[in-house]
Amino acid sequence: MIKFWSYKREFKKLKKNILKKVENTLSKGVIFFGDELIKFEKKFLSKYKSKYGAAVGSGTEALLISLKAINIREGDEIITAANTAIPTISAIVNSGAIPRLVDIGNDYLIDCSKIEREITNKTRAIIPVHLYGQSCDMDKITKIAKKYRLKIIEDCAQSQGAMYKNKFTGTIGDFGCFSFYPTKILGAYGDGGFIITKNYKDFTKIKRLRYYGIETLDKKNIYKNKYYSNENGFNSRLDEIQSSILNIKLKYVDQFISKRIKLANIYFKELKETNLVLPYPNKSNKHVFHLFTVFHRKKDKILKQLKKNQIETRIIYPYPIDKMKGYKMYNFNKEKLIISSKKSKGIFSLPLYPELNISEIKKICKTIKVIMKKLDWLK
Ligand SMILES: Cc1ncc(COP(=O)(O)O)c(C=O)c1O
């Protein structure tokens, strides 16, 4: 069986290091806001050449806290892509705002030519979602944001290490929101997230918001003001155990990304003779292949055969946001969201994580080619 994803092989490799580190961390007697967190925040920011940022409890909370940091009020509107993960929308709704969905292009990213028509006098921000590991067109988004004085909150949950014109995703907009959910390129063994910010004022705000509104920047004040909130906030902490695991894994993240790109290139090479629609890496991007998502109008026949051959796949995501009961009240105009609807019916993702062997990727490709040949779907 080739699993779609599993952390077990990675854990086997890193087990000695991780268990030693966790034991060491627990022996220090500090569960939250200790040395491991401070070290991780410093290293993460230095990796992304950013001055300000803070770790939080998850990618969803990173988005929610960023929205709260720009003082979103009930009824404000936020623009994002129709094919995003549910958490992008739940963060928008939980901030009090209304999501405005924009259709996508063939690259599965927000279609920038359709953003302006969704802007109203209530629009406050755009959330570009760098889906599957590739950046949205940040020049176009920045231009629109400037024109209408909107904030940009990048959803980088799937784009750790990805670049747009040699700039890291998460460092281009006003806020960059990362997820350390275990399946992600830099995954913890639990939940975690990070917000990168551009300026000190936003930084102080996210630091307060992640910890009940308590002022924590001045270390001496942590204790003095521990029971005093300056504004209503959240509980969104990255604990010492997850921080220590991430401190180990951060060292390997470039290796993880290189391996993903290498495996993706094998998929590209081997599958080009099939009539599967392969991913579209844009020229200005460094695509990090969080997912290798392909499209076929009659995908079910392929998926059935792959399952028979013990190859796991996943559909990410089978339902665009406008098709979900949970968001029906927004009466999204489905006519405007045709591409994301069409894509959702034919997409599926193939296994792609650094611990897969080249031979396994080749086996997947061979199996697909045999299936496609039988269906007369080779080019
Ligand atoms: C595009 C996108 N946004 C947001 C999130 C939310 O991240 P988390 O699971 O860490 O809350 C995820 C991950 O599930 C995601 O894929």
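## The largest pocket

The lining of the largest pocket is made of 15 nonpolar, ten polar and five charged residues. Here Ala, Val, Leu, Ile, Met, Phe, Trp, Tyr, Cys and Pro count as nonpolar, Asp, Glu, Lys and Arg as charged, and the others, Gly among them, as polar. A pocket is an open set of points on a 1 Å grid over the protein atoms alone, where a 1.4 Å probe fits, with protein on both sides within 12 Å along at least five of seven lines; lining residues have an atom within 4 Å of a point.

This is a predicted model, in which local features need pLDDT of at least 70, side-chain atom pairs count only at pLDDT 80 or more, and totals for chains, interfaces and linings use all residues. Residues are numbered from 1 along each chain as its sequence is written, and side-chain values use heavy atoms, without hydrogens and water.

Which element gives the most to the lining of the largest pocket? It is α3, with three residues. Helices (H or I, at least four residues) and strands (E, at least two) are DSSP runs, numbered from the N terminus.

## A sheet of three strands

Let's turn to an open sheet with the order β7-β6-β10 and antiparallel pairing. β7 (167-168) and β10 (285-286) are at the edges with a single partner strand each, so one side of each has no neighbour in the sheet.

β6 (residues 163-164) pairs with β10 over two bridges in the antiparallel sense; strands count as paired if DSSP finds at least two bridges between them. Tyr164 lies opposite Asn285 in β10.
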